[in-house]
Amino acid sequence: MLTEDMKRVVREQRLGFYATVCDDGSPNLSPKGTTFVWDDDHLFFAEIRSPRTLANIRAGSLVEVNVVDPLVRKGYRFKGPATIHERGSSVHVDGVERLREAGSTLADRVNAVVLIEVRDARPVVSPAYDDGTVTEADMVRTFRARFAQLHRPSSS
């Protein structure tokens, strides 16, 4: 299910935006900077401070994850059911070790590892590309300049 390019984007970005549905039908959207590839059919994140996301998953909500390169304005959306693996489970131990290997400083704070079975995966592409006049290099230049401007030290 997960192509090499999908895996690359997840590896490079790590920040995924996770959507679940609350009991009252309202959406819950939560960014998670611990998004990783588990295998060819699963993504995972380390649950550190996500009580609403976990409650929604426990209540049966499916999950959609969006991972997008903010400079290129391309990425993927992944959908499927999720399972929660608490401290002491083999999946938790394995997930925490994967975080450590990746250099995460949060590994000791992981309460649970959440596996998402990817049943649907689709590209996310900015409409700026629609007419064929904008290249990825153009997009990167534009957004590097924008981010540089946003993060320029103030002169006050």
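**View 1. Contacts of phenylalanine 78 in the predicted model.** Phenylalanine 78 touches Leu2, Met6, Val10, Leu43, Val63, Glu64, Val65, Val67, Val118, Asp120 and Ala121, where residues up to four places away in sequence are not counted.

**View 2. The largest nonpolar core.** This core has 19 residues, and the members that touch the most others are Val63, Phe78, Val114 and Ile116. Two or more residues are given to the core by each of α1 (4–13), β4 (42–47), α2 (51–58), β5 (63–69), β6 (74–80) and β8 (112–117). Another core, of 12 residues, lies apart from it; Trp38, Ala46, Val96 and Leu99 are among its members.

**View 3. The two sides of helix α2.** Thr53, Leu54, Asn56 and Ile57 are the buried residues shown in α2. These residues lie on the same side of α2 because they cover an arc of only 160° around the axis. Pro51 and Arg58, on the other side of α2, are exposed. The packing partners of the buried residues of α2 are β1, β2 (27–32), β4, β5, β7 (82–86) and β8. Glycine 60 follows α2 and has a positive phi, near 105°.

**View 4. A nonpolar patch on the surface.** The patch is formed by Leu15, Phe17 and Leu29, which together have about 280 Å² of accessible area. Leucine 15 is located in the loop between α1 and β1 (16–21). With a relative accessible area of 38%, leucine 15 is partly exposed, a term that covers values between the 20% limit for buried and the 50% limit for exposed.

Note on methods
Residues are numbered from 1 along each chain as its sequence is written. This is a predicted model: local features need pLDDT of at least 70, side-chain atom pairs count only at pLDDT 80 or more; totals for chains, interfaces and linings use all residues. Side-chain values use heavy atoms; hydrogens and water are left out. A nonpolar core is a set of buried Ala, Val, Leu, Ile, Met, Phe, Trp, Tyr and Cys residues joined through side-chain atoms within 4.5 Å. Buried means under 20% relative accessible area, exposed over 50%, partly exposed in between (1.4 Å probe, protein chains only). Helices (H or I, at least four residues) and strands (E, at least two) are DSSP runs, numbered from the N terminus. Contact means heavy atoms within 4.5 Å. Patches are made of residues with over 30% relative accessible area and no salt bridge: like charges are joined within 9 Å, nonpolar side chains (Val, Leu, Ile, Met, Phe, Trp, Tyr) within 5 Å. Accessible areas come from the Shrake-Rupley method with a 1.4 Å probe; for residues, only the protein chains shown count as cover. A salt bridge is a side-chain nitrogen of Lys or Arg within 4 Å of a carboxyl oxygen of Asp or Glu. The arc is that of the directions from the helix axis to the C-beta atoms.
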